[in-house]
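Notebook open. I wanted to look up the pockets first, then a couple of residues.

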Amino acid sequence: DDGLNGDYTLGVAQALEARGAAGTFFIVGRTLAQQPEVARTLVAHGHLLANHTADHEKPAALDLTYRKLAEGQAQFAATVGQCPAFFRAPHGVYTALSWLAIRRTGVQVVNWDVEVRDWDATDPDDLARRVLAKVEGGSIVLLHDGRDGVPGRDRSVLVRAMPMILEGL
């Protein structure tokens, strides 16, 4: 969630690939123009890219069209040549009007059932333990290769925890 974030995003992807797995990356649209090569690498390696709005802002209460969702779709089309089929709102916040706009767009909303505040983690072993303590069959685990769509945020703890999380799964 919250990327693209350069080598941190690619580090998460590499950990998945080392175990024959692919990830779903909910990407903030504005990062696509800043790091198109990262997006294209993810696609080339079989990962799924999904829309996390244009700029990671919560939906405005009276926004009839959910403009940030549409802007995100346009950013994906311009960068990777296709619009994502999956969407997650920033912070998991939806309004009645954003739900209507999402339905009109036809994207599938994907939320999570395991969240461990990984953005605050300082110890990869502890992060892996916390994820594995909560996960069940069919879980969707929320982890952040970026933070709020701002490239350059240090996500090295997650990158180091990924092999342990995947091994535990």
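**Ground rules.** I'm working on a predicted model, so I note that local features need pLDDT of at least 70 and side-chain atom pairs count only at pLDDT 80 or more, while totals for chains, interfaces and linings use all residues. Residues are numbered from 1 along each chain as its sequence is written, and side-chain values use heavy atoms, with hydrogens and water left out.

**Largest pocket.** I looked up its volume and got about 540 Å³. A pocket here is an open set of points on a 1 Å grid over the protein atoms alone, where a 1.4 Å probe fits, with protein on both sides within 12 Å along at least five of seven lines; lining residues have an atom within 4 Å of a point. Volume is the space filled by probe spheres set on the points, which are joined across faces, edges and corners. I found 24 lining residues, and the closest to the centre are Leu16, Gly23, Thr24, Val141 and Leu143. The elements giving two or more residues to this lining are α1 (6–18), β1 (24–27), β6 (141–142) and α7 (156–168). Helices (H or I, at least four residues) and strands (E, at least two) are DSSP runs numbered from the N terminus. The largest share, four residues, comes from α7. By type I get 17 nonpolar, four polar and three charged. Nonpolar covers Ala, Val, Leu, Ile, Met, Phe, Trp, Tyr, Cys and Pro; charged is Asp, Glu, Lys and Arg; the others, Gly among them, are polar.

**Second largest pocket.** This one has a volume of about 200 Å³. It is lined by 15 residues, with Asp2, His91, Trp119, Leu142 and His144 the closest to its centre. The lining splits into four nonpolar, five polar and six charged.

**Histidine 56.** I located it in the loop between β2 (48–51) and α4 (67–80). Is it buried or exposed? Histidine 56 counts as buried because its relative accessible area is 6% (buried is under 20%, exposed over 50%, partly exposed in between, with a 1.4 Å probe and protein chains only). Its side chain makes polar contacts with the side chains of histidine 52 at 3.3 Å and aspartate 148 at 3.4 Å. A polar contact is a pair of N or O atoms within 3.5 Å; within protein, one must be able to donate a hydrogen and the other to accept it, and residues adjacent in sequence count only if both atoms are side-chain atoms. Leaving aside neighbours within four places in sequence, histidine 56 is in contact (heavy atoms within 4.5 Å) with Asp2, Val28, Pro90, His91 and Asp148.

**Serine 98.** I placed this one in helix α5 (residues 96–105). Serine 98 is buried, at 1% relative accessible area. Not counting residues up to four places away in sequence, serine 98 touches Pro59 and Tyr66.
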